[in-house]
Every structure is written in C-alpha cells, then in structure tokens.
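Here's a quick tour to read alongside the sequence and the 3D view.

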Amino acid sequence: MLLPFLRDSAGVNTSATACGIRLDISRQRLSADDFKRLLELAESKGLLDAFKRMVQGEVVNASEGRAALHTSLRSWNPRAPHYEEVARERERMLNFATMVRDGRWRGCRGDRITDVINIGIGGSEMGPHAVWHALHPAKADIHLHFLSSVDGVLLERILAQCNPRSTLVVVSSKSFTTRETQVNSAAVDQWLLDNGIVGADRAKHMVVVSANPHAADVMCLPAQNFFHLWDWVGGRFSVWSAIGLPLAIGLGAETFREFLQGANEMDRHAFNTPVEENLPALLALMAYWNATRLEITSHCMLPYDERLRVTVPWLQQLEMESLGKTVTPEGERIPGHTGLSVWGSNGNEAQHSFYQWLREGTGRTSIDIVWSEMPGHRYAEHYRVLLANARAQAEALVMRDPASPYFNAVSTIVFDAVTPRRLGAFMAMYEHKTTMLGSLFGINPFDQPGVELGKRLSKRAEAGGDPARILREEADRQ
Ligand SMILES: O=P(O)(O)OC[C@H]1O[C@H](O)[C@H](O)[C@@H](O)[C@@H]1O
C-alpha cells in the first residue's frame, strides 16, 4: 500500500497556528485531493455550524436532553449562555481559593492550609490532575493530592502525607452518586473525626463541588462550603468549572483565570476560523480520515515535555468516553470505524519502551508528538537533547518500508511556551477536536451509556448480585 504524505503535495498548507500552538499535519498520509475532499466533507456536514450551535446552547446531548456548554465556563462575553450564573459562581469559587491561599481561611485550630485532597474520579479528577501536573511549582506551598480510585493503598499513602489540621478536603462529584467518591469521602471524614475535627470544625476542612444542589445538606456542610456546577457541563469537560477549585487554591486564582482565558481564545479561534486553518477542525478531519479510510484504530499521544505527561490519561477519557460508540443518537449502526483508542506516554521515556512496536510492529497508529519551544527549566543541555529526540522521532516514526501494510500518521503540535494560557488553549483544542469528530461520525459525544451500565452493575454486584445474571436481565428488558 503506497500512501502519500501530505507534504509531498504541492500547494497544500500543511501547518496552522493559533493561540501560540502550531499544528503540522505534513506527515499525515493523504494526497492533496484527499485533503480537498475532506474540506468539502466538513462543509457538507456543516462541521463548524454544528460547533457554533453547541456554543450557542442548542440541546446537542440528545439522549440526556441537555446542552453542552463548557465554552460558557470560560467566556467573558455577556451574551454567552448562562453568563451571569457562571460569572457569579466563578467569582465565589476564586474568592474562596484566594482566602485559603492567603491564610484568611484556616483550619479549625488556626493552621494554614498546606494540603488539599481532591476526592473525585473520572472527569472530577483527570482535568485537575493534568493541569496540576503541568503547572505546579517545583516547590509548592500548597500540595494537591488526588484520591480517585477506591483503593485503600492510595488512601493510606495520601493520608500519611497530610496533617488533618492543615488539610482541606474537596469532594468533587457532578452526579454525587459515584460510589468510589462516596466511599473515599466517608473514609477521609472518619480520619478528620479520629483527629478530633467534628461539628463546626469539620466545615473548616471540607467543601463539596457538585451539580446536585443537596450535596452540602447530605454532607452536613453549610451552604458556603458548596460550589455548584450545572448539568449542562459534561464531567470530562468540567475542569473549567468549580471542579477546578483545587487548582485555583494550589496555583492561585490568577493562574486559573489565565488558564480559562487561554481556553476562551481557542474557543474563539474554533468559532471564527475557516476549516483549513482551524486547529481542532483539522485534527478532527485527520482523525476521521485515519479511522474511516486508513483503518487506523489507535491514537498515541507523545508529549516531549514532563509537564504534559498527565494530559495523556486526560485525553484518553475525553476521546474514548466521548467517541467510544457505534450508533447514532437515533440508534442506527455506524458503518466502519469510529473513535480511536487513545494511549501514549511521555515521549522520551516511550522511546525506550514501545517505540519499537510503533516503528516495526504490526500496527497502524495515528500519533501526536508534542513539544514546547521554550523549556520549563534552566538546564539548556537537557532541553537541547530532548528537542533533538522529539524532532528525530517525528521523522523516524513515519519512515517505514513503503510497501508495508503497517504505518503511522504523525502530527506535531508545538507550544511557543507551556503557560497556563497555552495549556488552556491546548486542552480546549482537544475538546473541540473530540466534539467535531463526534459530528463527523454522527455520534453524540456527550453521553456515556456504557459507563453507566458498568456503574449500575458494580452497585448491584456490591449488594451481592451476580453480574452475569444482571446483564442478562438488562438485555432482556431492552
Ligand atoms: O463527577 P461524578 O458524577 O462523580 O462522575 C465521575 C465519572 O463517572 C463516570 O465514570 C463517568 O463516565 C465520567 O464521565 C465521570 O467523570
């Protein structure tokens, strides 16, 4: 199979830049004619119009009857849907974060808060975790801990690092029904109790973030300890809401604001830019081409930047939970491949691990290699070596025997610098890639029926039921 590289075609613009991020698709495997047809497809499917309808508040999540307005969470435009309530809650959340940071909010015995435990899983953990890993200072005044899985080892390790008197617990659950989060928050509550932190004192150490308006009542916490998000924010799109509270505490309100502003810049770019220069639209079109025409079923993200390491699992949830579906909202089966499986790792480490498979194994993989033009440290030699590796691998990964049925299609994504703003733009870019890809496939990217089945099953299994029998009963009912 002799596949062309886009860079071999004359007259095609193979790179586009916005919000300090340069996308290069020259190593994708298609011809100028294929590319032209993809642009026409975007036009005929109304790709950007569908995106605009989402931003304007149309009910795009048909199965749950909801809009998907994560873009409103980072908009300073008073015409954005829900502008006022978003701005109000954002200011309340940022004020609280600032009080914790500057010591006006203290533990019940007057200690400054030095540790924040985020109890949450999935979208209530992955976004904050990715951003914290990217932006936290080498020596932080306030440490964030992520208690996600219901595994006592993680619990024990986190509690061992924290002093209850100087710890703030943020319980984050959009639905407020997630079992792992319930079990973990009960255990941490018990830890506070065991350390004599009860009654009004407890309210100095615990807050809750949820779309369930009764969450504070249920947790016996005062209303001021409750931060709201809305049902029109999907869990995996929620880092911009009060789910980001631990970030605002750990990094500061200004940094969090810049992160939102960067995302808003990408939103405006995606809204106003023609497809051929529109970063998320180009990413979506390449993924669509790779999945449907080249039968590539996996996408590998390889950041050559330590700060971006945890964006890999974040992207994995974002894309796989959104696009891991094979039917349209009307229940019709979609022919061919849809959402790709997403995996990856720190690129430099992966060179010494799975690159052999990427280079010479029996796979077809779409790859994003990511690096920054500015290092986040002062070690010039480290940066020189790392960058040389990133550039070399971008080439090495596409160079295979042209007759082989196995190959890779590579995009490079280059930050001018990894700042809070750029990170916001980067994450928003992938959000838009994901929802645009949903439009191209004809998938609703905002629901997760398969995950919910798993949640129901686990609850019934916990109560002693036999998962196989429950599944059969569920199937019979449909
Ligand atoms: O925030 P919660 O309601 O606790 O949900 C946590 C997670 O639960 C499920 O796994 C969903 O599929 C995820 O999208 C969600 O982020």
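Predicted model: local features only at pLDDT ≥ 70, side-chain atom pairs only at ≥ 80, totals over all residues.

## Around the ligand

A polar side-chain atom of S175 sits 2.6 Å from an oxygen atom of the ligand, which counts as a polar contact (a pair of N or O atoms within 3.5 Å; within protein, one must be able to donate a hydrogen and the other to accept it, and residues adjacent in sequence count only if both atoms are side-chain atoms). S173 also places a polar side-chain atom 2.6 Å from a ligand oxygen, and for E321 the distance from a polar side-chain atom to an oxygen atom of the ligand is 2.7 Å. On its own the ligand has 390 Å² of accessible area, and the protein covers 88% of that (Shrake-Rupley method, 1.4 Å probe; for residues, only the protein chains shown count as cover).

In total, 14 residues surround the ligand, where a residue counts as near if one of its heavy atoms lies within 4 Å. The closest are G123, S124, S173, S175 and T178.

Residues are numbered from 1 along each chain as its sequence is written, and side-chain values use heavy atoms, with hydrogens and water left out.

The protein averages a pLDDT of 96, and 100% of the residues score at least 70; pLDDT is the predictor's confidence in each residue, from 0 to 100. The model's scores are ipTM 0.97 and pTM 0.96.

## The parallel sheet

Five strands make an open sheet with parallel pairing, in the order β4-β3-β5-β6-β7. Helices (H or I, at least four residues) and strands (E, at least two) are DSSP runs, numbered from the N terminus, and two strands pair if DSSP finds at least two bridges between them. β4 (143–147) and β7 (226–228) are at the edges with a single partner strand each, so one side of each has no neighbour in the sheet. The twist averages 20° from one strand to the next (axes are lines fitted to C-alpha atoms, for helices over the stretch in contact; angles run from 0 to 180 degrees between N-to-C directions).

Four bridges link β5 (residues 167–172) to β6 (residues 206–210) in the parallel sense, with S172 opposite V209. Helix α3 (residues 83–102) packs on this sheet, touching β5, β6 and β7 (contact means heavy atoms within 4.5 Å). The direction of α3 makes about 140° with that of β7.

## The mixed sheet

Six strands form another open sheet, ordered β1-β2-β11-β10-β8-β9, with mixed pairing. Strands β8 (residues 298–303) and β9 run parallel, joined by four bridges, and C300 has W343 as its bridge partner in β9.
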